[in-house]
Amino acid sequence: MSAAINWAEAIKPLIKKYGDTKHPLDHGNLYQLVVMVVLSAQDSDRHINEIAPKLFEAFPDMQALSKATPETLMPFIGSVRNFGNKIKWLMEMGQRIKEDKNIPLTLDELTALKGIGRKSANVILRESGKPAEGVIVDLHVVRVAPRLGIASGSDANKIEKQLMAVLPQKEWDAGMAMSFLGRAICRPQPKCTLCLMRTVCAYYKANN
């Protein structure tokens, strides 16, 4: 990691650029977000956005989901990766939560639900406007953070710990900001000349 850089300051332009940007999962409420986050693991946000409208017509809320069966869910999410486990997780979630008003909004309670890990829980908290309890680290952040030099390695949980250690809590939305940067600019083949972080980026300095 680059010890010479004050990341709390250096990351602010990135957060300013993407801080108000809604997550790419096109949800209309908290229930939809929770379901879509579970479905999106190992699948693409685009695909989940495509299948979501018909799913939510059939299962508009947690109460409807609590009565779901594998047979009633399968037509809507059979094309989703790992659909077998996701059907089980959604059914269990519906039966446990029962109503939308009971959806938990703390990291510990969310991660206690099957199908929701730290990344997913952090996304739900962000989109709900709750204070960050962690940093969103998705596959884009796993690529972007080490390139910048703000973290190292390829383990999402370890990268999250490094980011939480180097950034004050009020800057923890840096995770989602790095994710957006990774989707648009810092792709596997990065567009470094377009990147607002290149002045502090270790990858850019090493390759230019």
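Guide: Gladly! Let's settle one word first: a contact here means heavy atoms within 4.5 Å. Keep in mind too that this is a predicted model.

Visitor: With that cut-off, which residues does Ser40 touch, leaving aside its neighbours within four places in sequence?

Guide: Leu25, Asp45, Ile48 and Lys86 are in contact with Ser40 once those neighbours are set aside. Ser40 itself belongs to helix α3, residues 30-40.

Visitor: Why is Ser40 called buried?

Guide: Its relative accessible area is 9%. The label applies under 20%, so Ser40, at 9%, counts as buried.

Visitor: What makes the pairing of Ser40 with Val37 a polar contact?

Guide: A polar atom of the Ser40 side chain lies 3.0 Å from the backbone oxygen of Val37. The limit for such a pair of N or O atoms is 3.5 Å, and therefore 3.0 Å falls within it.

Visitor: Where else does Ser40 turn up?

Guide: In the lining of the largest pocket, where Ser40, Asp43, Asp45, Lys119 and Leu139 lie nearest the centre among 27 lining residues. The volume of this pocket is about 680 Å³. Two or more lining residues come from each of α3, α4 (45-58), α9 (118-127), α10 and α12 (174-184). By class, the lining has ten nonpolar, nine polar and eight charged residues.

Visitor: You mentioned α9. How do you know whether that helix is mostly covered or mostly exposed?

Guide: By counting: eight of the ten residues in α9 are buried, which makes it mostly covered. The buried ones are Ser120, Ala121, Asn122, Val123, Ile124, Leu125, Arg126 and Glu127. They pack against α2 (12-18), α3, α8 (107-111), α11 (156-166) and α12. After α9 comes Gly129, with a positive phi near 80 degrees.

Visitor: Which element gives the largest share of the lining of the second largest pocket?

Guide: α9 again, with three residues. That pocket holds about 200 Å³, and Arg126, Lys130, Ala132, Trp172 and Asp173 are nearest the centre of its 16-residue lining.

Visitor: Now, what makes some spaces cavities rather than pockets?

Guide: Escape is the test: in a cavity a 1.4 Å probe fits but cannot get out, whereas a pocket is open. Two cavities of 30 Å³ or more are counted here.

Visitor: What lines the largest cavity?

Guide: It has 14 lining residues, and the closest to the centre are Cys186, Cys192, Cys195, Cys201 and Tyr204. The elements supplying two or more of the lining are α10 (139-148) and α13 (202-207). The volume of this cavity is about 100 Å³, and its lining divides into eleven nonpolar, three charged and no polar residues.

Key:
Residues numbered from 1 in each chain as written. Predicted model: local features only at pLDDT ≥ 70, side-chain atom pairs only at ≥ 80, totals over all residues. Heavy atoms only, no water. 1 Å grid on protein atoms, 1.4 Å probe; cavity = no way out; pocket = protein on both sides within 12 Å on 5 of 7 lines; lining within 4 Å. Points joined across faces, edges and corners; volume = space filled by probe spheres on them. Helix = DSSP H or I, 4+ residues; strand = E, 2+ residues; numbered from the N terminus. Nonpolar A, V, L, I, M, F, W, Y, C, P; charged D, E, K, R; others polar. Buried < 20%, exposed > 50% of the residue type's maximum accessible area, 1.4 Å probe, protein only. Polar contact = N/O pair within 3.5 Å; in protein donor to acceptor, adjacent residues only side chain to side chain.
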